[in-house]
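Me: I'd like to learn how to read this fold step by step. Could you walk me through it, general idea before particular case?

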Amino acid sequence: MSSPSQVAAGFTITGLRDGASRTRGRYPVSEIAVADIADHPANAAYSMDPAGIAELAKSIRADGLTDLPLVRKVGDGSWQMVSGHRRKAAYALLAKDDPAYERMPCRVIEGIDDERAVTLLHAANYFTRALTVTERAAATEALRGDAVRLRSEDPSLSGMRVDDVKAAIIERQTGRKVSGKTIAREERLARRIAEDLSPEWAAEADRGNLSAEAVRSLAGMPKERQAEMHAAMEPWRRTKRELSDYVRNEGKAQAGPDGRIAKAARLVADFLESPPESPSAADLSLLREMALMTAPYAEAGAGAQKVRRRASHSKSSK
């Protein structure tokens, strides 16, 4: 059985770096009655749609379990699911007609507290579930606390970005790699979907039916216009390519920004996507200058026009 010290090693940077190859072998396998395994309350962040569970049950009946669930033994000796809630639900569904599915093979982990169990749940769910965009971002965002703690405890990590530490945690717990840049990009996309898209398009994007380019295009439009576009869309458009092409083509009809501003925005976005851990004084000074330079244009309509006229008059009088 896994000792507390072995489990704790998974939450040190040394463990994160050297243990990925042993991830799948360090937890013993045991067959446990499905009815004896309690769901983890933190799993409420993820979808358990019945249609998806039914499809998974068909796959398990045909091919068996391709990845074993992870469970832990809690203080009173009972079992609690850490990763594999959908597989557990599929087994319960199959067991209604076939007693052979009343027990499920699981990997067992012992000696971890509630906080670490939640970390494991989110790290494992990142790869072992059919996540929506929002769910995937929620899984990595939930690891932020552990990532910040690890970085503060180890001085050698002072230059490592939080998203890179999150990636290391996921790799340690799953044996599979993901980059910190990917995590940051997915979290930004999820925020944009939640904040800038109309409900109709947000649902499409969350299911992965829109390209990142289409999401950016929609985010630049008023939500009322987005809703009108969705209502006017032909019903046969269902694939990611069809929906994204529609958004791109309709977006061309919208008045776009000046090309010079668009290019500057892209360059600034590139910088902000991967900023230095400690921006230089020159960087900060220029960012402040840019903020002051563009602040007057935050006001739409006549106010902005007056600013432009004053700027033009001042330039011509020199």
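This is a predicted model: local features need pLDDT of at least 70, side-chain atom pairs count only at pLDDT 80 or more; totals for chains, interfaces and linings use all residues.

Me: How do I read a helix pair? What is the crossing angle of α10 and α12?

Reply: The general idea is to compare the two axes, and angles of 65 to 115 degrees count as roughly perpendicular. Here, α10 (residues 199-206) and α12 (residues 223-232) have axes that come within 8 Å and cross at roughly 70 degrees, so the two helices are roughly perpendicular to each other. On the α10 side the contact uses Glu200, Trp201 and Glu204, and on the α12 side Gln226, Ala227, Met229 and His230. Sorted by class, that contact holds 3 nonpolar, 2 polar and 2 charged residues.

Me: What about arginine 225, and where is it?

Reply: Arginine 225 is in helix α12. Its relative accessibility is 23%, so arginine 225 counts as partly exposed; the cut-off for buried is under 20%. From arginine 225 to serine 198, 27 residues apart in sequence, the C-alpha distance is 8.9 Å.

Me: And how should I read a core? Which residues touch the most other members of the largest nonpolar core?

Reply: In soluble globular proteins, nonpolar side chains tend to be buried together. In this case, the largest nonpolar core has 18 residues, and Ile193, Leu197, Trp201, Leu210 and Leu218 touch the most other members. Elements giving two or more residues to this core are α6 (133-141), α9 (180-196), α10, α11 (212-219) and α13 (240-251). At least three residues come from each of domain 2 (130-196) and domain 3 (209-274).

Take leucine 218 as a worked case: beyond its neighbours within four places in sequence, it contacts Leu197, Trp201, Leu210, Gln226, Met229 and Val247. Apart from this core there is another, of 17 residues, including Ala57, Ile60, Tyr91 and Leu94.

Me: Let's follow that second one. Is alanine 57 buried or exposed?

Reply: Relative accessibility is the thing to check, and alanine 57 comes out at 4%, so it counts as buried. Alanine 57 sits in helix α3 (residues 50-63). Not counting residues up to four places away in sequence, alanine 57 touches Ala90, Leu93 and Leu94. Its C-alpha is 9.2 Å from that of arginine 86, 29 residues apart along the chain.

Me: Now a lysine. What is the relative accessible area of lysine 88?

Reply: Read the number before judging by residue type. Lysine 88 has a relative accessible area of 13%, so it is buried. Lysine 88 belongs to helix α4 (residues 85-95). Setting aside neighbours within four places in sequence, lysine 88 contacts Val34, Ile37, Asp39, Met81 and Met104.

Me: What share of the residues in the protein chain is buried?

Reply: Buried residues account for 36% of the 318 residues in the protein chain.

Conventions:
Residues are numbered from 1 along each chain as its sequence is written. Side-chain values use heavy atoms; hydrogens and water are left out. Axes are lines fitted to C-alpha atoms, for helices over the stretch in contact, and angles run from 0 to 180 degrees between N-to-C directions. Helices (H or I, at least four residues) and strands (E, at least two) are DSSP runs, numbered from the N terminus. Angles under 35 degrees count as roughly parallel, over 145 as roughly antiparallel, 65 to 115 as roughly perpendicular and the rest as oblique. Contact means heavy atoms within 4.5 Å. Ala, Val, Leu, Ile, Met, Phe, Trp, Tyr, Cys and Pro count as nonpolar, Asp, Glu, Lys and Arg as charged, and the others, Gly among them, as polar. A nonpolar core is a set of buried Ala, Val, Leu, Ile, Met, Phe, Trp, Tyr and Cys residues joined through side-chain atoms within 4.5 Å. Buried means under 20% relative accessible area, exposed over 50%, partly exposed in between (1.4 Å probe, protein chains only). Domain bounds come from an automatic or database domain assignment.
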